[in-house]
Amino acid sequence: MKKNSKGSKALDLRLYVAGQTPRSLAAISNLKALCEEHLDGHYHIDVIDLVKNPTLAKDHQILAIPTLVRSLPVPIRKIIGDLSDTARVLVGLDIRAANKKRPAKPKAR
Amino acid sequence: MVKRSKPVVVQKLTALEKARSGIRGLDDITGGGLPKGRTTIVCGGPGCGKTMLGIEFLVRGALEFNEPGVLMAFEETPDEMATNVASLGFDLEDLAAKKKLFLDYVFVEPSEIQDTGDFDLEGLFIRLQNAVNEVGAKRVMLDTVEALFSTFSNSRILRAEFRRLFRWLKERGLTTVITAEKGDGTLTRYGLEEYVSDCVILLDHRVKDQISARRMRIVKYRGTKHGADEYPFLIDEQGMSVLPLTSLKLHHAASSERVSSGVPALDEMLEGEGYFRGSSVLLSGTAGSGKTTLAAYFADATCRRGERCLYIGLEESAGQNMRNMKSVGIDFEPWIAKGLFFHEAWRPTQFGLEMHLLRIHKLVEKVKPTTVIVDPITNFVSNSSGQEVESMLMRLMDFFKGAGITALLVSLTRGGALLERTEVGISSLADTWILLRDIELNGERNRCLYVLKSRGMAHSNQLREFIMTDHGIELIPAYVGSSGVLTGSSRVAQEAKERAEAAAREWEIQWKLQESDQKRLALQAQIAALQAELGSEERAIEQVSRENRDRENQAERDRNEMAKSRRAAD
């Protein structure tokens, strides 16, 4: 869990998973990769395992697994899926692709 | 060589276990309740009562059968649900507090969701498991899972998850009810019945002639015999009630006991004893012929015996009826106070036929009367076809017979029509038929009564005049003479005439007797006189003969004297 909040632009992300299923693990790694690439440290991730905390499923109204919740900045956004479709995730989180994230153009070195 | 015989495996045939719903009538038509440990779909149009059924199933399970339940609502919030069922006397919050019910509201706003890859609904399962664990639930209700279809666009995943869900529920032996909207031409809009095929119940709510009618049908119930017809049901302040079509088998036991009709003169016409207990009596007549009065006498007689009577009035209010009965000397107040007389009144146009039937069923169950009076039964015709009414009345009478209740049904016949043809043709179903008829003669209308039929007894076939006096009903044999039946003042006149004639004859006889008496006396006097004469004659004869004797004696004595004197002189 990376704790690296910097200023008001920081994203507060919560990922709900259920146990150590492949899908859950994939979602976690996809999220980490995505954040590292596009958010430049302006984020905070919490991974909540509903198997360990089942009551949270009801309290936070979680149905699908995995679910990613962006609680900050408002409005709250919920995204479901293993986060393999990066473009969608970015749209869902309302993140502009980092400028340095030019589609991997092989640089002529 | 050792003979090896295959071990015989005897499979125990276990019947499908059922979970009782506690819903009146539903357990009858399903043969015991919903399939235990399996899922039942309740489908139907909006507002037909699906949610109500599911909730009642849960609540009664928790309260009556010690099976806590989980309610997962996908459309309404628990507060909304609690308010909706509060009017039925179900306190959801209280049950939740007592850990008998777990309420979970699943809300996912569609706009929040974006598919970014593969997912499943494990969150739902986790919540469900948690809920089941919290209260030790045996029953689950999901209302309505279809809401997920509008939330999640990926129907492939959704359907796979549904399949998993129902397997999951089955594995844990949870008796589940799910509600689903009826589709166009299909049972459910999203075809859920594919995954749930153990039991499907279809609810219907239709409006006919401005009257709403609810119907329930068990479309499918795997592995068991169930009623396959459409059953009417209603939802009232005690919950849901299903009206099972009472099996119209003629299996009733017949009683030989008799009950008085309340009018001694009428009892006389019925072999002196009255109606058979448990029989059905049809009382028909034109308006104003005294039917309600006779019915009231019967009710009174019932209460006097210490039995309960249920009076169902479909024309007059209770107050009006009681006031009218007071004028003929029947007071129901003391019986009401003793809890023996129950009067319920409502208009036939208020409900559909099944509702009437159901209401009467419920009243009878509550009151447990030995006699029931329905006054009148002919009002039903106004808002339904004659055949439907007849069918309903047949079921009603069947129900009464099955319960051993003596039923008195009052029927109004339109004047002018053949009185022997009742409007609804149920006369053949009644055991006793009493006809009240008006006879018009000499500018008067007088009431007459006769017993058209009474099965199982030698009833009188006389026509009697029906008079209401202030000390009860009197049935006077009508005068049937050369001029026909005379009633009323004609009868009185005729009776007076007869009395006069009788008096005249009497007087004549008296006079004749007197005359002959006098004659006899006269003759006797004559005889006396003759006898006197005879007597004196006899005395005269006797006198003469005595004198003769005396003379002869003297003559002889003289001769002797003479002889003596002659001899002496010699």
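Student: Which domains does the domain assignment of chain B give?

Tutor: The model is a predicted one. In chain B, the assignment sets one domain over residues 18-242 and another over residues 258-484. The two are therefore named, with bounds drawn from an automatic or database assignment, domain 1 (18-242) and domain 2 (258-484).

Student: What distance separates the centres of domain 1 and domain 2 of chain B, and how many residues of each are in contact?

Tutor: Taken over C-alpha atoms, the centres of the two domains of chain B are separated by 46 Å. A contact requires C-beta atoms within 7 Å. By that criterion, domain 1 of chain B contributes six residues and domain 2 of chain B contributes seven residues.

Student: Which strands each supply at least two residues of the side of domain 1 of chain B that touches domain 2 of chain B?

Tutor: The residues on this side of domain 1 of chain B comprise four nonpolar, one polar and one charged. The strands that each supply at least two of the residues there are strand E9 (211-221) and strand E10 of chain B.

Student: Which are the edge strands of the open sheet in chain B?

Tutor: Nine strands of chain B form this open sheet with mixed pairing, in the order E5-E4-E6-E7-E3-E8-E9-E10-E11. From one strand to the next, the twist averages 20 degrees. An edge strand pairs on one side only, and in chain B these are E5 (101-105) and E11 (239-242).

Student: In E7 of chain B, what is the bridge partner of B:Thr40?

Tutor: Strand E3 (residues 39-44) and strand E7 (residues 175-181) of chain B run parallel and are joined by six bridges. Within E7(B), the residue that partners B:Thr40 is B:Val177.

Student: At about what angle does helix H2 of chain B run to E6(B)?

Tutor: Helix H2 (residues 50-64) of chain B lies across several strands, including E3, E4 (69-73) and E6 (139-143) of chain B. Its angle to E6(B) is about 160 degrees.

Student: Which element gives the largest share of the side of chain A that touches chain B?

Tutor: The contact takes 28 residues from chain A and 21 residues from chain B. On the chain A side, the residues divide into 15 nonpolar, six polar and seven charged. Helix H2 (55-59), strand E5 (77-80) and helix H3 (86-93) of chain A each give two or more. The largest share, four residues, comes from E5(A).

Student: Over which residues of chain A does pLDDT stay under 50?

Tutor: Chain A averages a pLDDT of 79, and 82% of its residues score at least 70. Where pLDDT is low, predicted coordinates should not be read in detail. In chain A, the stretch under 50 is residues 1-7.

Technical notes. Residues are numbered from 1 along each chain as its sequence is written. Chains are lettered from A and ligands numbered from 1 in the order in which they are written. This is a predicted model: local features need pLDDT of at least 70, side-chain atom pairs count only at pLDDT 80 or more; totals for chains, interfaces and linings use all residues. pLDDT is the predictor's confidence in each residue, from 0 to 100. Two residues are in contact if their C-beta atoms, placed from the backbone, lie within 7 Å. Two strands pair if DSSP finds at least two bridges between them. Axes are lines fitted to C-alpha atoms, for helices over the stretch in contact, and angles run from 0 to 180 degrees between N-to-C directions. Ala, Val, Leu, Ile, Met, Phe, Trp, Tyr, Cys and Pro count as nonpolar, Asp, Glu, Lys and Arg as charged, and the others, Gly among them, as polar.
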